[in-house]
Amino acid sequence: MEKVANRSHLRQLLLWLLLIIELLLFLSACSADTPTRKILQDGNRVRLQTNDPDKMVIDNGLVEVTIENPSGYLTGIKYKGVDNVLESGNKNHNKGYWDIVWDNDAIDKIATKHVKVITQTDDTVELSFTKTWNFATDHGHSVPLNIDKRFIVRRGVPGLYMYGIFERREDFPDAHMYQIRIAFKLNEDKFRFMAVSNTRQGIVPREEDRDKTRSQILDFKEAVVLTNPSNPRLRGEVDDKYQYSSENKDNKLHGWISDHDAVGFWVITPSDDFRTGGPHKQDLTSHVGPTSLSMFVSTHYTGTEIDTEYKKGEPWKKVFGPVLIHLNSASSANDYRKALWNDAKRQLSKEIEMWPYNFTGSKDFPHAENRGEVNGQLIVRDRYIYKGLKRARSAFVGLAAPGAAGSWQTEGKGYQFWTQTDLHGRFNIKNVRPGDYNLYAWVHGFIGNYKLHLNITIQPGNKISLGTLIYDPPRNGPTLWEIGIPDRTAAEFFIPEPDPSLVNSICFHDADKFRQYGLWDRYSDIYRHGDLVYTVGVSNYSKDWFFAHVPRTVGDNVTRPTTWQIKFNLKYVNTRGNYTLQLALASASYAEVQVRFNKPDSIRPYFTTERIGYDNAVARHGIHGLYRLYSINVDGNRFREGDNTIFLTQARAQGKFNAVMYDYIRLEGPTV
């Protein structure tokens, strides 16, 4: 009996050994091509349900996505125990939708008329919702565009990808398109915690808290102070959606957390090549609603200087996106907010690695093999600072539509591709769409804009090496003195503490201090007995140079121009020589800077910018808007040996937001 039992045990061991070997062989065969998550969820294929003619439902076992047919409105996202992360109480056109602000500030939510299945496999479902613009029926009623809204759900991905293909044919009438975006209105009873960056996170008010019975409007309708919010802890705080803006280069991840379910909703943008205005263009992210946005085109922080005009006779087509709407969950027993945010950041990293996506079904979105790249090295030559050449470290280098140097800031129709140089000034711009471009750059620590005077044509799969490029920044003579850092922002200057009764606690971090409300009013408080006076060699620009040159408030809705003084001493003056005042602005909004040398009362200024700017960056809590540089030639006889004063007058004072922000000021002596 003992021998029989031993043989029985031996057979069982051999059987288990064979099963283990077969399992290992199976996993080995799969591992080369199939992620582990996909193997484990192999049963959760992507399914498309079309039995209800009024909606299309895509389910991958992780999320269930519902899209209204044929409008293309996103009406439902079911995830975990949440039946719909979108606000079910809203109408279908106000849950998840594209919209365009066009002529006369009309808003078109671009409802579509047809749906087509582009891809339907166990791994991927892609749907296309389209509308072809018709002059006879649509002129004056909807934006003159052919619309193609795409939705993709993939196996093993807890979320959905969205992108749009918009086209204007040559015979379409003129139109302005000031804003193009996707908006998501989330379940207000669940999503109260907002996160837009590592430092800007927190509980925000409900939409109803911004009502006039619960809040007080401040200097503009977007900004309110909460007087009787539903959450008493928020009483006395300021809320303004512009406090949550980010630059394009940083606007890659933001969203919301439901504390009820430990569930996160995130907008992930792995690339910004389809956005307008370059890497430093600022735009909205998430804000009270709860609302999350994927912004593609806007006039925020640029005003109408950005090109949003589309002319008859000029055909145009552009793909916006894809972006990923990512859902995640965590154990509520842990620090789930941190866990959800960190998981979303990890997902962003994965999406960046996968860009450009290879699973899209549109020929208008080229995959990696059909794109090109450009590489080279950027060197700076400034003989008044360095005897030789200096490597342009951490410079921003990009490809954008052909134009003048710096035109990328206001380019609003094409694609832009940007990168930063390494410590040696080397750059490699990858995954560039085929097309014609100019190469642009700017270098931290140096004024001006670089442009390579050579058109660059990208063809599928090609690699272009530009070799070593030399940038000669604007310079006419040696530096006599300087104020600030040439970085295109006013961040290095004095940013005051906010009025303690007008604080947003989400912006408490030092990096976000400039986003606090009402800082413009602090100028009149701090300089109540006279305007700013800066003495070269004595003053410190981080303490003594106010971040924004604003009017003085002297009463209710009464403002006056302000004149700042720069005092300096010259031991020797070449009266026959030419001096240069380099005046770099980080922002301008309905402003005019007048410059006078030693004669404050002269009727005509020596130089004026005239009226400039629409970026409204001060009111919208930005630390910069559009960059401008003025190289002002000054006759030597305007100076004298000994003490001198330059008077900078911001002459426009129709309102408190007529303002400029300075980036950098430098006085250069005559050429040596």
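These legends describe close-up views of one predicted model.

Local features are given at pLDDT of at least 70 and side-chain atom pairs at pLDDT 80 or more, while totals for chains, interfaces and linings use all residues. Numbering runs from 1 along each chain as its sequence is written, and side-chain values use heavy atoms, without hydrogens and water.

**View 1. An open sheet of five strands.** The strand order is E34-E37-E43-E39-E40, and the pairing is mixed. Strands (E, at least two residues) and helices (H or I, at least four) are DSSP runs numbered from the N terminus. Two strands pair if DSSP finds at least two bridges between them. E34 (533-535) and E40 (607-608) stand at the edges; each has a single partner strand, so one side of each is left without a neighbour in the sheet.

**View 2. Pairing of E39 with E40.** E39 covers residues 593-597. Its pairing with E40 is antiparallel, over two bridges. Glutamine 594 has threonine 608 of E40 as its bridge partner.

**View 3. The largest nonpolar core.** A nonpolar core is a set of buried Ala, Val, Leu, Ile, Met, Phe, Trp, Tyr and Cys residues joined through side-chain atoms within 4.5 Å. Buried means under 20% relative accessible area, with a 1.4 Å probe and protein chains only. This core holds 101 residues. Leu74, Phe166, Phe265, Leu378 and Leu439 touch the most other members. Strand E24 (residues 316-329) supplies the largest share, seven residues. Another core, of 64 residues, lies apart from it; Ile483, Trp545, Val573 and Ile665 are among its members.

**View 4. Contacts of phenylalanine 166.** Contact means heavy atoms within 4.5 Å. Neighbours within four places in sequence are left aside. The contacts of phenylalanine 166 include Trp98, Ile100, Ile110, Leu145, Ile147 and Ile180. Asn146, Asp148, Lys317 and Lys318 are also among them, as are Trp316 and Phe320.

**View 5. Helix H5 and its packing.** H5 spans residues 519-526. Its buried residues are Leu519, Trp520, Tyr523 and Ser524. They pack against strands E35 (552-555) and E37 (562-570).

**View 6. The largest cavity.** On a 1 Å grid over the protein atoms alone, a cavity is a set of points where a 1.4 Å probe fits but cannot get out; lining residues have an atom within 4 Å of a point. The whole structure has four cavities of 30 Å³ or more. The largest holds about 60 Å³ of space. Its lining includes Ile203, Val204, Pro205, Glu237, Asp239, Tyr244 and Asn504. By class, the lining residues are eight nonpolar, one polar and two charged.

**View 7. The largest pocket.** A pocket is an open set of grid points with protein on both sides within 12 Å along at least five of seven lines. The space in this one is about 1,000 Å³. It has 37 lining residues; Arg181, Glu222, Lys241, Leu284 and His287 are the closest to its centre. E5 (96-102), E11 (175-185) and E22 (291-297) each give two or more residues to the lining. E11 gives the most, with four. The lining has 12 nonpolar, 11 polar and 14 charged residues.

**View 8. The second largest pocket.** Its volume is about 720 Å³. Of 38 lining residues, Ser246, Glu247, Lys249, Asp250 and Arg515 lie nearest its centre. Strand E17 (246-247) and helix H4 (336-354) each give two or more residues. H4 gives the most, with three.

Technical notes: Buried means under 20% relative accessible area, exposed over 50%, partly exposed in between (1.4 Å probe, protein chains only). Grid points are joined across faces, edges and corners, and a volume is the space filled by probe spheres set on the points. Ala, Val, Leu, Ile, Met, Phe, Trp, Tyr, Cys and Pro count as nonpolar, Asp, Glu, Lys and Arg as charged, and the others, Gly among them, as polar.
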